[in-house]
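Please keep the sequence and the model in view while reading.

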Amino acid sequence: MQDKEQFNLIKAIVLISVATGIVGISLGSVAASFDVPMWIPLLLSLTVLAGAAEFTFIGMMVATGTNPIFAALTGILINLRHLPFGLSVATFIEKNTYRFIACHIMNDESVMFGLSQQDDQAKQKAYWMCGLGIAILWPIGVFIGYLLSKNIPDIYVFGIDAAFPAILFALILPMLKNKTTRHRVFLGSSLSLASIPLLPTGLPVLVSMLGLLLKGKSK
């Protein structure tokens, strides 16, 4: 039974890492469509490693002509969720020089897989597997997307922008068996959708975290 659970975990991590790489293709194609030099999205994918912030930076700086500093600050604001992320994973991340790499590969997916495990050793293993998988496949996806966009007129006809949310939804679906989790998800998503007309792109997802304030007993 334990081997089966381990296999399912690895399979899920591989799927989400590949899906993230596919989203990277989307980012690369967007950058190429605006004639952004390849080194900019590629450098962002290696150093920032945060899709929402990178999409926002490229979109604001190039599409709307926003000052790069303001675009970068907006990206930082969008990634404020990394503050509670850091606090939540600090309990099982190694307290040595590797913690700096661990901080770099911290993202929504690696935190999700890490926290979903039962003990610290399993949490650490899942966190590193997912974090490194995304750290490798994300820049590769950006690079491929940039090259493809120069040769394919409309890369979105392949539906690559829908692959990531579809796989992520499939992974979290079993968690909705918990009544309290369902209520929190419903409240968070409702608040997020309601805030879309009021907030800049990328910020409504932060509003969804208010759903965690809902009290209740797990069932």
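## Terms and basis

Axes are lines fitted to C-alpha atoms, for helices over the stretch in contact, and angles run from 0 to 180 degrees between N-to-C directions. This is a predicted model, in which local features need pLDDT of at least 70 and side-chain atom pairs count only at pLDDT 80 or more, while totals for chains, interfaces and linings use all residues. Residues are numbered from 1 along each chain as its sequence is written, and side-chain values use heavy atoms, with hydrogens and water left out.

## Overall make-up

The protein chain holds 11 helices and zero strands, where helices (H or I, at least four residues) and strands (E, at least two) are DSSP runs numbered from the N terminus. Of its 219 residues, 38% are buried, meaning under 20% relative accessible area, with exposed being over 50% and partly exposed in between (1.4 Å probe, protein chains only). Among contacts (heavy atoms within 4.5 Å) with a separation of 6 or more, 70% come from residues 24 or more positions apart.

In α2, which spans residues 39–47, the buried residues are Ile-40, Pro-41, Leu-44 and Ser-45. They lie on the same side of α2, because they cover an arc of only 130° around the axis, the arc being that of the directions from the helix axis to the C-beta atoms. Just after α2, Leu-49 adopts a positive phi of about 55°.

The axes of α2 and α8 are 8 Å apart, and the two helices pack at an angle of about 170°. They are therefore roughly antiparallel to each other, a label for angles over 145 degrees, whereas those under 35 count as roughly parallel, 65 to 115 as roughly perpendicular and the rest as oblique. On the α2 side, Pro-41, Leu-42, Ser-45 and Leu-46 meet Trp-138, Pro-139, Val-142, Phe-143 and Tyr-146 of α8.

## The largest nonpolar core

A nonpolar core is a set of buried Ala, Val, Leu, Ile, Met, Phe, Trp, Tyr and Cys residues joined through side-chain atoms within 4.5 Å. The largest one has 35 residues, of which Ile-58, Val-89, Phe-113, Tyr-127 and Trp-138 touch the most other members. Two or more residues each come from α1 (2–33), α2, α3 (51–63), α5 (82–89), α7 (108–115) and α8 (120–149), and α1 gives the most, with nine residues. Leaving aside residues up to four places away in sequence, Val-89 touches Met-106, Val-111 and Tyr-127.
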